[in-house]
Amino acid sequence: MSVNKEHKRITTQVLKEMKQKGEKISMLTAYDYSMARIIDQAGMDVILVGDSASNVMAGHETTLPITLDQMIYHASSVMRGIKRSLVVVDLPFGTYQGNSKEALQSAIRIMKESGAHAVKLEGGSEIKESITRILTAGIPVMGHLGLTPQSIYKFGTYVVRAREDEEAERLLQDAKMLDEVGCFAIVLEKIPAELAAKVAASVSVPVIGIGAGGDVDGQVLVVHDMLGITQEFSPRFLRRYSDMGDQMVNAVRQYIDDVKSEDFPNESEQY
Ligand code: KIV
């Protein structure tokens, strides 16, 4: 098992060094204390409190409904479970796009009220002012380009982004801008692997991919998807490491049977 435990705590500086050394960065989502504790103990470099909580925790169809208060609740729970991982929190839809002062206030609330280490924002040049204002306050920012689920109603579909030259060039320029203004890392979601490799080679900061191929500096997945807890979502980029959804259903069924048959509790399970 190749978990590098050389670092007591993962910081944004450690991630930069990992890129320089060619050591891949592992990143996974978490939204609650118990899951964060397991993921941190396993040796994860970065935990993302993603706004995918809107889908996998709350059952919404998109990431749009989740609120800043709800993200702070998830992030605070995660923070109580970790010792080593760097924790990044998504700024939810509607809390940073309109106005950079509001963006800063949202980021400050996340940092103060949850104790997380960094924030992530979706978008490029259109949110440059918000990103730079947050950075000016000393808050580390992770960028997110390519498929940006908060803009799903603009795209209309979750298909691969930036296949055409014009969009690919815009994405490359946006990545360079995020690097230049001082973001500490960039997520690239669902874009051609060749373009992602070009971006990773063109910027100084780590590029973390999801559906962006292997020639980037790290990978991120949604924990419920890779554990097989969500079963209806199966894009090509998703590798399932467990069938926990089936295992949980079986365990719950067994418990129901044991209760009904009066097998549970037995002599040794009572006082
Ligand atoms: O919200 C999320 O989980 C994300 C990842 C898919 C990168 O943004």
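**A guided reading of the predicted model**

Asp 69, Arg 109 and Glu 113 are joined to one another in a network of salt bridges. Side chains of opposite charge can pair when their charged atoms come close. Over the whole structure, the search finds 7 salt bridges.

One of these pairs joins Asp 90 to Lys 120, with 2.7 Å between the closest N and O atoms. Asp 90 belongs to strand β3 (residues 86-90) and Lys 120 to strand β4 (residues 118-122), so this pair ties together parts that are 30 residues apart in sequence. Both Asp 90 and Lys 120 are buried.

Glu 167 forms a salt bridge with Arg 161, and the closest N and O atoms of the two are 3.1 Å apart. Glu 167 counts as partly exposed because its relative accessibility is 22%, whereas Arg 161, with a relative accessible area of 14%, is buried. Arg 170 forms a salt bridge with Glu 166, the closest N and O atoms being 4.0 Å apart. Arg 170 and Glu 166 are 4 residues apart in helix α8 and are therefore separated by about one helical turn. At 47% relative accessibility Arg 170 counts as partly exposed, while Glu 166 counts as exposed at 63%.

Arg 109, a member of the network named at the outset, is also among the residues in contact with Ser 114. Ser 114 lies in helix α5, which covers residues 100-114. With a relative accessible area of 9%, Ser 114 is buried.

Ile 47 is found in strand β2 (residues 46-49) and is buried, its relative accessible area being 0%. Not counting residues up to four places away in sequence, Ile 47 touches a list of residues including Leu 28, Ala 30, Ile 39, Val 78, Ile 82 and Val 88. Ile 47 and Arg 9 are 38 residues apart in sequence, and their C-alpha atoms are 12 Å apart in space. Thr 63 is found in the loop between α3 (53-56) and α4 (68-79). Leaving aside neighbours within four places in sequence, the contacts of Thr 63 are with Asp 51, Ser 52, Ser 54, Asn 55, Pro 149 and Gln 150.

The backbone also deserves attention. Most residues other than glycine have a negative phi, and most peptide bonds are trans. Ala 162 has a positive phi, near 55 degrees, and is found in the loop between α7 (152-155) and α8 (165-181). Ala 162 counts as buried, at 3% relative accessibility. Glu 262 likewise has a positive phi, near 65 degrees, and is found in the segment after α11. Is Glu 262 buried or exposed? Its relative accessible area is 66%, so Glu 262 is exposed. Pro 265 too is placed in the segment after α11 (244-260), and the peptide bond from Phe 264 to Pro 265 is cis, with omega near -5 degrees.

The protein is divided into domain 1 (3-240) and domain 2 (243-271), whose C-alpha centres lie 38 Å apart. Between the two, 4 residues of domain 1 are in contact with 5 residues of domain 2. The size of an interface is often given as the accessible area lost when the parts come together. For domain 1 and domain 2 the buried area is about 320 Å², and carbon and sulfur atoms give 58% of it. Of the area that domain 1 buries against domain 2, Leu 227, Ile 229 and Gln 231 supply 88%, more than any other three residues. The side of domain 1 that touches domain 2 has 2 nonpolar, 2 polar and no charged residues. Between domain 1 and domain 2 the count is 0 salt bridges, but 3 residue pairs are found in polar contact across the interface.

Terms used. Residues are numbered from 1 along each chain as its sequence is written. This is a predicted model: local features need pLDDT of at least 70, side-chain atom pairs count only at pLDDT 80 or more; totals for chains, interfaces and linings use all residues. Side-chain values use heavy atoms; hydrogens and water are left out. Helices (H or I, at least four residues) and strands (E, at least two) are DSSP runs, numbered from the N terminus. Buried means under 20% relative accessible area, exposed over 50%, partly exposed in between (1.4 Å probe, protein chains only). Contact means heavy atoms within 4.5 Å. Domain bounds come from an automatic or database domain assignment. Buried area is the accessible area (1.4 Å probe) that two parts lose on being put together, summed over both. A salt bridge is a side-chain nitrogen of Lys or Arg within 4 Å of a carboxyl oxygen of Asp or Glu. A polar contact is a pair of N or O atoms within 3.5 Å; within protein, one must be able to donate a hydrogen and the other to accept it, and residues adjacent in sequence count only if both atoms are side-chain atoms. Ala, Val, Leu, Ile, Met, Phe, Trp, Tyr, Cys and Pro count as nonpolar, Asp, Glu, Lys and Arg as charged, and the others, Gly among them, as polar.
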